[in-house]
Amino acid sequence: MAELSISTAAGVFDALVAGPPDGRPVLLLHGFPQTRLAWQHQSVALAARGYRVVAPDQRGYSPGVRPDRPEDYRMSILVDDAIAITEELGWTTFDLVGHDWGGAVAWWTSDAHPDRVRTLTVVSTPHPRALATALRDDQDQRTRSHYMTDWRETPATESRMLADDAEQLRALYAGKVPQASAEAYVRHLSRPGALTAALNWYRAGRPDDAIGAIDVPTLYVWSTEDIAFGPAAAQETGRWVAGPYRFVTLEGISHWVPEEAPETLNRLLLEHLQADGEY
């Protein structure tokens, strides 16, 4: 893997790149509170099979794209970032993979640009309409999602998370993320302005437009010990995929699937890319 700087109209995104330059392109989008390093296992596995992989630090995580206002982290802008990155890379079509907030961006990008997304893989994050249904009808999901309201407080959330050597931030990884990665995330998010920028994703407000059913071939991977997303939203997600769809449940795995179960996810991802919708 190598470092890559991607210049767009919004600013410069830092990224990891792996695989042959002429390989089939795959964009990997991380979530909170992580960085591009969340995808290091998948990047190696995909590159070994000839794919061209780019995993950027998203808006707010890249110092070169770190606006101050929460409204500059609206979903439509995050989608524009994903498309701008691929255009700068010269990718007319690409496979899209997302986890956590990166999964949300991936759902919305696939809805807005189905002509650009060859396949979609989302880890943990249910389709936004499925999550909305669960938040309305399922007390378990409402309880799981209460943290989103808490994290919109500013600057109280930053102070709590970074106090006592970032004890609360470290606790989010719950021992499921490798220690070296967790330390890298804490260092990254402890830099001036970084954690506020990451939390601005929660403070930006509701997405601008409604999202519909996804037409592109989709793999959705959910794990039973996910603290953020419960079974109601996960099971509802299939109703919002009109194209070929595969839903995989990982038993006994937490929210941090890419790092806790890398070999399993690598296998599922490669199967999905090779199937290309033949389910």
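Q: What covers the buried residues of α4?
A: The cover includes α5 (139-144) and α10 (231-236), where contact means heavy atoms within 4.5 Å. This is a predicted model, in which local features need pLDDT of at least 70 and side-chain atom pairs count only at pLDDT 80 or more, while totals for chains, interfaces and linings use all residues. Residues are numbered from 1 along each chain as its sequence is written, and side-chain values use heavy atoms, with hydrogens and water left out.

Q: Which residues of α4 are called buried, and why are they said to be on the same side?
A: Ala130, Leu131, Thr133 and Ala134 are buried in α4, a word kept for residues under 20% relative accessible area (1.4 Å probe, protein chains only). They cover an arc of only 160° around the axis, and therefore lie on the same side of α4; the arc is taken from the directions from the helix axis to the C-beta atoms.

Q: What makes a space a pocket or a cavity?
A: On a 1 Å grid over the protein atoms alone, a cavity is a set of points where a 1.4 Å probe fits but cannot get out, whereas a pocket is an open set with protein on both sides within 12 Å along at least five of seven lines; lining residues have an atom within 4 Å of a point.

Q: How much space lies in the largest pocket, and which residues are the closest to its centre?
A: The largest pocket holds about 950 Å³ of space. Leu131, Leu135, Met148, Arg206 and Pro207 are the closest to its centre among the 33 residues that line it.

Q: Which helix supplies the largest share of the lining of the largest pocket?
A: That helix is α4, with six residues. Helices are DSSP runs (H or I, at least four residues), numbered from the N terminus.

Q: How do the residues of the lining of the largest pocket divide by class?
A: They comprise 20 nonpolar, five polar and eight charged residues. Ala, Val, Leu, Ile, Met, Phe, Trp, Tyr, Cys and Pro count as nonpolar, Asp, Glu, Lys and Arg as charged, and the others, Gly among them, as polar.

Q: How many cavities of 30 Å³ or more does the structure hold, and what gives the most to the lining of the largest cavity?
A: The structure holds one cavity of 30 Å³ or more, and the largest cavity has about 40 Å³ of space. Four residues of its lining come from α2, which gives the most.

Technical notes:
Points joined across faces, edges and corners; volume = space filled by probe spheres on them. Helix = DSSP H or I, 4+ residues; strand = E, 2+ residues; numbered from the N terminus. Buried < 20%, exposed > 50% of the residue type's maximum accessible area, 1.4 Å probe, protein only.
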